[in-house]
Structure formats: C-alpha cells, structure tokens
Amino acid sequence: MTASNDDPKRAAAAAALRLVKPGMRLGLGTGSTARHFVDLLGAEVAQGLDVLCAPTSDATRAQAQRLGVPLTTLDETPELDLTVDGADEIDGALRLIKGGGGALLREKIVAAASRAMVVIADASKEVETLGRFPLPVEVVRFGLEATRRRVAAAARASGADGELVLRLAACGEPFVTDNGNFILDCHFGALKEPDALAARLSAAPGVVEHGLFIGLCSGAIVAGPNGIVRRGAFDWWS
C-alpha cells in the first residue's frame, strides 16, 4: 500500500499542533495543508482545548464552525499569538509565495497580526528560488487592464517577465476573492529580486495585495521522506 499524497501534509499539521498551548489566539490558514491543521485542532477542541481562532477565509471559517472551533475576528482580537498556514513555495530565507487558494490578502493580514507565523508544508514546496509557482496578485476590478500593465512594468523593473493570466473559476467566469477582487496569476519564472518586486507591486495603484510573503514567516515545518524538518527559529515558542 502506498502512502497518501496527503500524509506529509497531515504530518506537518500534526507537528504544528504541538506548538499550540491552552489560551492561545490562533490564525487559521487556508488551503489543503491548512485544512489538516484545522481538522486536528477541531479534534483537540472537542477534547477540551481552549483556543480562540481567526480564520483567513470564508472556507476556513465554515470548516472551523463545523468542528466547533471558537472563532473571533481581528476587530475583536487584533493581536494573535500564532498563525499556522500553508504555502505554495518557500525558499531558504523563509520567503513565501502564497495565494494559490485565493486568500492571500486575508492570510497576510492575519499573519501580520500574529506574534509568529509557522508554515506547514510537504517537501515539494521547498525551492532554491521563488517563482516556479505563478505569483498571485490580487487586484481591484476597476481599471483591470491598466493595473495589469503596472504589474508587468513592476516585474520588468525587478528583472522578471512573463504572462499575466486572469484567474478563472470552474464556471469559466473570473475568480472572485472573498474580498470581491480579481487575481492575476503571474508566470514570471525564477524571481531574481523578490524583495524589490514585492515593494514595487505594493506601490502599484490597483494592486490590493500580492502573494510574496517576506519577513512574515517565523519558521516552517516541512514533512518529507525522511520525516519532519524544522526551518527557521522556534525560540519564540519556548
């Protein structure tokens, strides 16, 4: 019998669950790996674990509610202890590409409100250079073509170039985020200057947020063929 493709994701989620202490205020990520963490957390809550959680998407909120996980908002609880989330890519400097699930804006807001952010991932998400996964950029609907050109110009100024594709939903219509915006998936390939690109994208009118998470990830728990590996610093937890 072969191992499930989800086994490493669940193993990383289980390792992250050991970081959770009673009374913590948690940010709950979005995506296939984060779903495992929420499932495992829900089982602990059912056994009496006392936590309060801020979800990063409507989908995560619905999952947590089904499991009976106590929820809050950043208006009610503006400072969190720990966010646990997945990533589409992670490099050696703990820089991330996120947003494959379409929740990058809320994910970044929640991560920034947290004392620490821990990424859980399988080993396939580790890269030497970011950019193999298309970079999601959330944009407002108004002036879409003008914004697309500004995003392309910001990329070229940062040594990147490639096709910018408007993300579509399964029905063939443009994908709409929980915030009512569109997403451009930017096929730039290897990002030579991710920090510079992040700054230029943030400054572009029409860009709501981008999927480069820089300086937000405190540590990563990566599950691979040889077991669990921790990247980064976890001294904040002790």
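Which residues does L26 touch, not counting residues up to four places away in sequence? The close-ups below start there.

This is a predicted model, so local features need pLDDT of at least 70 and side-chain atom pairs count only at pLDDT 80 or more, while totals for chains, interfaces and linings use all residues. Residues are numbered from 1 along each chain as its sequence is written, and side-chain values use heavy atoms, with hydrogens and water left out.

**Figure 1. L26 and its neighbours in the largest nonpolar core.** Leaving aside residues up to four places away in sequence, L26 is in contact with V20, L41, V51, L52, C53, A54, L80 and L82; contact here means heavy atoms within 4.5 Å. The core has 28 residues, and L26, F37, L41 and I221 touch the most other members. At least two residues each come from α1 (7–17), β1 (25–28), α2 (32–46), β3, β6 (114–122) and β12 (219–224). Helices (H or I, at least four residues) and strands (E, at least two) are DSSP runs, numbered from the N terminus. A nonpolar core is a set of buried Ala, Val, Leu, Ile, Met, Phe, Trp, Tyr and Cys residues joined through side-chain atoms within 4.5 Å. Buried means under 20% relative accessible area, exposed over 50%, and partly exposed in between (1.4 Å probe, protein chains only). In soluble globular proteins, nonpolar side chains tend to be buried together.

**Figure 2. A second, separate core.** This one has 25 residues, including L130, A152, C186 and V207.

**Figure 3. C53 and C217, two cysteines without a disulfide partner.** The model has zero disulfides, a disulfide being a pair of cysteine sulfur atoms within 2.5 Å. For C53, the nearest cysteine sulfur is that of C217, 19 Å away. Looking back from C217, the closest cysteine sulfur is in C53, and 19 Å is too far for a bond. C53 is buried at 0% relative accessible area, and C217 also counts as buried, at 10%.

Figure 4. D88 sits in the loop between β3 (80–85) and β4 (89–90). A polar atom of the D88 side chain does lie 3.2 Å from the backbone nitrogen of G99. Beyond four places in sequence, D88 touches I97, K98, G99, G100, K125 and F133.

**Figure 5. R167 and D185, a salt bridge between distant parts of the chain.** The side chains meet at 2.8 Å, N to O. R167 is in the loop between β8 (163–166) and β9 (182–187), whereas D185 is in strand β9, 18 residues apart. Both ends are tucked away: R167 is buried at 11% relative accessible area, and D185 counts as buried at 13%. A salt bridge is a side-chain nitrogen of Lys or Arg within 4 Å of a carboxyl oxygen of Asp or Glu, and by that rule the count is 13.

**Figure 6. Other salt bridges, including E145 with R148.** Their closest N and O atoms are 3.2 Å apart, and both residues lie in helix α5 (residues 144–157), three residues apart, about one turn of the helix. E145 is partly exposed at 40%. D6 pairs with K9 at 4.0 Å; D6 is partly exposed at 34%, whereas K9 is buried at 14%. D85, K98 and E107 are linked in a network of salt bridges.

Technical notes
A polar contact is a pair of N or O atoms within 3.5 Å; within protein, one must be able to donate a hydrogen and the other to accept it, and residues adjacent in sequence count only if both atoms are side-chain atoms.
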